Amino acid sequence: MVASPVAASLMAADSDLVALVPERLARYFAARLEVAWFAVPTELPAVTIHQQWHGQLDHDPAHRWLHGHVREASV
C-alpha cells in the first residue's frame, strides 16, 4: 500500500509489480516510462466519495465558493 497513485506508478515502473491507477495517469506514465498500461478486464464497483468541511468555514465566502464548485463537479 502506498500513499498515492503516482507513487504506485513509479514503484511499478521500477519493479516487476503492477499497479491499479487511474487511466489518465497510466497513459501519462506509459508515454514517459518503459511501462505498458491495460484496461481493467472487469467492471469495477462505483465508489462513494464524501467531503467534509469544518464548521468554522461555513461563513467564509471563499470556502463556500470552493465547496459549491467541488460539489457541482462531483455530481
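This is a predicted model: local features need pLDDT of at least 70, side-chain atom pairs count only at pLDDT 80 or more; totals for chains, interfaces and linings use all residues.
Me: What makes up the secondary structure of the protein?

Reply: Three helices and zero strands. Helices are DSSP runs (H or I) of at least four residues, strands are E runs of at least two, and numbering starts at the N terminus. From that end the order is α-α-α.

Me: How does the radius of gyration of the protein stand against that of a compact globule?

Reply: The protein has 18 Å, while a compact globule of 75 residues would be near 11 Å. The radius is taken over C-alpha atoms, and the globule rule is 2.2 Å times the number of residues to the power 0.38. Those C-alpha atoms fill a box of roughly 50 × 25 × 25 Å along the principal axes.

Me: Why is serine 9 called buried?

Reply: Its relative accessibility is 9%, so serine 9 counts as buried. The cut-offs are under 20% for buried, over 50% for exposed, and partly exposed in between. Of the protein's 75 residues, 9% are buried.

Me: Which residues does serine 9 touch, beyond its neighbours within four places in sequence?

Reply: Serine 9 is in contact with Ala19, Val21, Leu25 and Phe29. Contact means heavy atoms within 4.5 Å.

Me: Which residues of H1 are buried, and how do you know that they line one face?

Reply: Ala8, Ser9 and Ala12 are buried in H1. Seen down the axis, the buried residues fall within an arc of 100 degrees, so they line one face. The arc uses directions from the helix axis to the C-beta atoms. An α-helix has 3.6 residues a turn, so residues three or four places apart point the same way. The buried residues of H1 pack against helix H2 (23-32).

Me: Why is methionine 11 called partly exposed?

Reply: Its relative accessible area is 44%. Methionine 11 lies in helix H1, residues 5-13.

Note on methods. Residues are numbered from 1 along each chain as its sequence is written. Side-chain values use heavy atoms; hydrogens and water are left out. Buried means under 20% relative accessible area, exposed over 50%, partly exposed in between (1.4 Å probe, protein chains only).
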